[in-house]
Amino acid sequence: MDNFDDSTLEELAAMVCGDEPGMKRRAGWELAPFLRRAGWEDVPDHDGSPRHRWVHTILCERQEDQTGDTERVILRLANRREYQQQPADYDAVIQRLQEVLALEGLRIDYRKGQPFLIEYDPDEPPRPQRVELKVAITDIVSDPDLARAVQLRLDEARICQEHGAYTSAVIMLGSLLEGVLVHAADFRTATVPLTRPARDTRLQDLIQHAHTNQWIDQDAKMASDLLRTYRNLVHPLAEKRAKHSADFDTADLCWSTVNAVLNDLAASHPHE
């Protein structure tokens, strides 16, 4: 895929250097280590010349050699690992990166949290990107046995999704959502308590309970209500009445929902 326009290489060099407002800035001594983290081999150390010119020159040289190194730089720029200390910088970089790649007929997508390049047709409406899980299950679930069970269901739902068992993936995600909301209701101090034990409470009411107590945001609540509807497709008669079977987009939407709820629960978790 090493056939990028020179203007794209110029933009990539600027993003690697990070001189634009809001982007992670890399000093001269940080440039070669970045390229090595991207998977480049035989990278010379920065020679003290202007950083942007040095990066642009080396990008041009590598592209002429057809090494695939330009794509590696793009994927490393899109990798959240680069922004663990400055997570806010990631948004500015990925937004600019998507704008630049669109002119090449490409965009960044994610699979299992890792970036990869896909072809992009600007005349087609883009598929919304899945909300990514930014936390560990143990950040949300304090019971080690339950945390393992929740993680197992996440893994099984992913296997179902990858093999086209979309209804099974949705059902698994729905049960996972219910489990973590029951745990939150049992172990968190609620401003507005439930009127019955959490395990005897319907998923719909658990979702409302989490939102009322500001454990999840409004968007996560609305999406969770939709996931609850899809989860009911576990009953074949419900699927028949709905005249709808879960497909890839259905399951992908449910993944975003669960990830959003888990992210919100971690963000609102009391640190005592």
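1. A quick definition before the helix pairs: axes here are lines fitted to C-alpha atoms, for helices over the stretch in contact, and the angles run from 0 to 180 degrees between N-to-C directions. With that in hand, take helix 6 (residues 144-162) and helix 11: their axes come within 11 Å and cross at roughly 160 degrees. Angles over 145 degrees count as roughly antiparallel, so helix 6 is roughly antiparallel to helix 11. The crossing of these two helices is left-handed. Do keep in mind throughout that this is a predicted model.

2. Who does the touching between helix 6 and helix 11? On the helix 6 side, the contact is made by Leu 154, Ala 157, Arg 158 and Gln 161. Helix 11 answers with Phe 248, Ala 251, Asp 252 and Trp 255. Sorted by class, that contact has 5 nonpolar, 1 polar and 2 charged residues.

3. Stepping back to the whole chain, there are 11 helices and 2 strands. Reading from the N terminus, the order is α-α-α-α-α-β-β-α-α-α-α-α-α. The chain has 272 residues, and 44% of them count as buried. Among contacts between residues at least 6 apart in sequence, 59% join residues at least 24 apart.

4. Now the other helix pair. Helix 2 (residues 28-37) and helix 3 (residues 51-64) pack at an angle of about 25 degrees, with axes 10 Å apart. The cut-off for roughly parallel is under 35 degrees, so helix 2 is roughly parallel to helix 3. The crossing of helix 2 and helix 3 is right-handed.

5. For the residues at that contact, look at Gly 28, Leu 31, Ala 32 and Leu 35 on helix 2. Their partners on helix 3 are Arg 51, Trp 54, Val 55 and Ile 58. The class count for helix 2 with helix 3 is 6 nonpolar, 1 polar and 1 charged.

6. On to the aromatics: how many aromatic pairs does the structure hold? There are 2. One of them joins Tyr 83 and Tyr 90, edge-to-face, at 5.7 Å centre to centre with 65 degrees between the planes. Are these two tyrosines buried or exposed? Tyr 83 is buried, at a relative accessible area of 2%. Tyr 90 is buried as well, at 8%, because the cut-off for buried is under 20%.

7. Another aromatic pair is Tyr 166 with Phe 248, also edge-to-face, with 6.1 Å centre to centre and 90 degrees between the planes. Tyr 166 sits in helix 7 (residues 166-187) and Phe 248 in helix 11 (residues 248-267), so the pair ties together parts that are 82 residues apart in sequence. Tyr 166 counts as partly exposed, with 22% relative accessibility. Phe 248 is partly exposed too, at a relative accessible area of 35%. Worth a look on screen: Phe 248 also belongs to the helix 6 contact of helix 11.

8. Last, have a look at Asp 249, which is found in helix 11. Asp 249 is partly exposed, with a relative accessible area of 48%. How far apart in space are Asp 249 and Tyr 166? They are 9.0 Å apart, C-alpha to C-alpha, while being 83 residues apart in sequence.

Technical notes. Residues are numbered from 1 along each chain as its sequence is written. This is a predicted model: local features need pLDDT of at least 70, side-chain atom pairs count only at pLDDT 80 or more; totals for chains, interfaces and linings use all residues. Side-chain values use heavy atoms; hydrogens and water are left out. Helices (H or I, at least four residues) and strands (E, at least two) are DSSP runs, numbered from the N terminus. Angles under 35 degrees count as roughly parallel, over 145 as roughly antiparallel, 65 to 115 as roughly perpendicular and the rest as oblique. A crossing is left-handed if the near helix is turned anticlockwise from the far one by less than a right angle, and right-handed if clockwise. Contact means heavy atoms within 4.5 Å. Ala, Val, Leu, Ile, Met, Phe, Trp, Tyr, Cys and Pro count as nonpolar, Asp, Glu, Lys and Arg as charged, and the others, Gly among them, as polar. Rings of Phe, Tyr and Trp (its six-membered ring) pair if their centres lie within 6.5 Å; planes under 30 degrees apart count as stacked, over 60 as edge-to-face and the rest as tilted. Buried means under 20% relative accessible area, exposed over 50%, partly exposed in between (1.4 Å probe, protein chains only).
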